[in-house]
Amino acid sequence: HPHNQLRLHATGNFKSLTTAPAKPPATLIYIDHNRHVKKHPNENWARELMELFTLGIGNYTEDDIKESARAFTGWTFRQDRFVTNQKVHDTGSKTFLGKTGNFAGDDILDIIFEQEATAQFICIKLYTFFAHEEPDEAVIQAMTLEFRSNGYEIKPVLEKLFMSKAFYHSK
C-alpha cells in the first residue's frame with residue numbers, strides 16, 4: 001500500500017520515497033497510469049511528480065511535462081506487481097530538462113534528482129514545516145548541499161536543520 005511505502009522510507013532516501021509509492025497497483029489505478037500508453041500519454045503523474053514532489057513550479061516547462069509523460073508510458077501492473085508494458089511504451093527520443101535520449105520513467109527520475117532545484121525545493125519544504133514559514137537562505141543552502149552530497153538521504157538533512165541556530169530562533 002502507498003502509505004506503507006511512505007512510512008518505510010520516511011527518514012531514508014528521498015529518491016526511494018518518491019519512487020516507491022509510484023509503482024504499487026493502487027497508485028497506478030488512482031492516477032490512471034495503467035492506461036498510460038504511447039498514443040495517449042497521461043501528463044497527470046509527470047506534472048504532479050515535478051510540481052508537488054520534486055522540482056516545484058518554475059523549474060520545468062510544459063514541454064518537460066509532455067516529454068516525461070511519454071517516458072512513463074507503459075507503467076502498469078500484472079498480478080499486483082509493477083511492470084513496464086513495452087508494447088505501449090513510447091521508445092522514441094525525448095528531450096527532458098535539457099537532456100535528450102530514449103528515456104523511460106526511471107531515467108526521468110534520475111534526471112530530476114540531478115537537479116539542484118530538487119534538493120532546494122525539498123529543503124525549503126522541510127524548513128517551512130519544522131522551523132518557520134520564512135526560510136533562512138543560509139540554512140537552506142547548507143541543507144541543500146547536505147542533501148545532494150549524501151545522495152538524498154533524509155536523516156542527514158534533518159540533522160543539519162535541527163542543529164542549525166535558525167531552528168532554535170525565537171521566531
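Which residues in α7 meet which residues in α8? On the α7 side they are Glu116, Ala119, Gln120, Ile122, Cys123, Ile124, Leu126 and Tyr127. On the α8 side they are Glu137, Val139, Ile140, Met143, Thr144, Phe147 and Arg148. The model examined here is predicted.

## Overall architecture

The protein chain has 9 helices and 4 strands. Read from the N terminus, the elements run α-α-α-α-α-β-β-β-β-α-α-α-α.

Of the 171 residues in the protein chain, 43% are buried. The chain exposes about 9,600 Å², and carbon and sulfur atoms supply 52% of that area. Among contacts between residues at least 6 apart in sequence, 55% join residues at least 24 apart.

## The nonpolar core

The largest nonpolar core has 38 residues. Those with the most contacts inside it are Phe14, Met50, Phe96, Ile112, Met143 and Phe147. Two or more residues each are given to this core by α2 (14-19), α4 (43-54), α5 (62-71), α6 (105-112), α7 (116-130), α8 (137-149) and α9 (154-162). The largest share, 7 residues, comes from α7.

Leaving aside its neighbours within four places in sequence, Ile112 is in contact with Leu49, Met50, Thr54, Leu55, Phe96, Leu97 and Thr118. Met50 and Phe96 are also among the residues with the most contacts inside the core.

## Packing around α7

Two packed helices are described by the angle between their axes and the distance between the axes. For α7 and α8, the angle is about 125° and the axes are 9 Å apart. α7 is therefore oblique to α8, and the crossing of the two helices is right-handed. Met143 and Phe147, which α8 brings to this contact, are listed among the residues with the most contacts inside the core.

The axes of α7 and α9 come within 11 Å and cross at roughly 50°. This angle makes α7 oblique to α9. Here too, the crossing is right-handed. Cys123, Leu126, Tyr127 and Phe130 of α7 make the contact with Val157, Leu158, Leu161 and Phe162 of α9. Cys123, Leu126 and Tyr127 also meet residues of α8.

## Helix α5 and Glu67

How many of the 10 residues of α5 are buried? The count is 7, so α5 is largely enclosed by the rest of the structure. The buried residues are Asp64, Ile65, Glu67, Ser68, Ala69, Arg70 and Ala71. What covers them includes α4, β3 and α6.

Glu67 is found in this helix, α5. Its relative accessibility is 19%, so Glu67 counts as buried; the cut-off is under 20%. Leaving aside its neighbours within four places in sequence, Glu67 is in contact with Ser93, Lys94 and Thr95.

Is Lys87 buried or exposed? Lys87 counts as exposed because its relative accessibility is 74%, the cut-off for that class being over 50%. Lys87 lies in the loop between β2 (81-84) and β3 (94-96).

Lys87 and Gly74 are 13 residues apart in sequence. In space, the C-alpha to C-alpha distance between Lys87 and Gly74 is 7.4 Å.

Methods
Residues numbered from 1 in each chain as written. Predicted model: local features only at pLDDT ≥ 70, side-chain atom pairs only at ≥ 80, totals over all residues. Heavy atoms only, no water. Core = buried A, V, L, I, M, F, W, Y, C linked by side-chain atoms within 4.5 Å. Buried < 20%, exposed > 50% of the residue type's maximum accessible area, 1.4 Å probe, protein only. Contact = heavy atoms within 4.5 Å. Areas by Shrake-Rupley, 256 points an atom, 1.4 Å probe, with all protein chains shown as cover. Axes fitted to C-alpha atoms, helices over the stretch in contact; angles between N-to-C directions. Parallel < 35°, antiparallel > 145°, perpendicular 65-115°, else oblique. Left-handed = near helix turned anticlockwise from the far one by under 90°.
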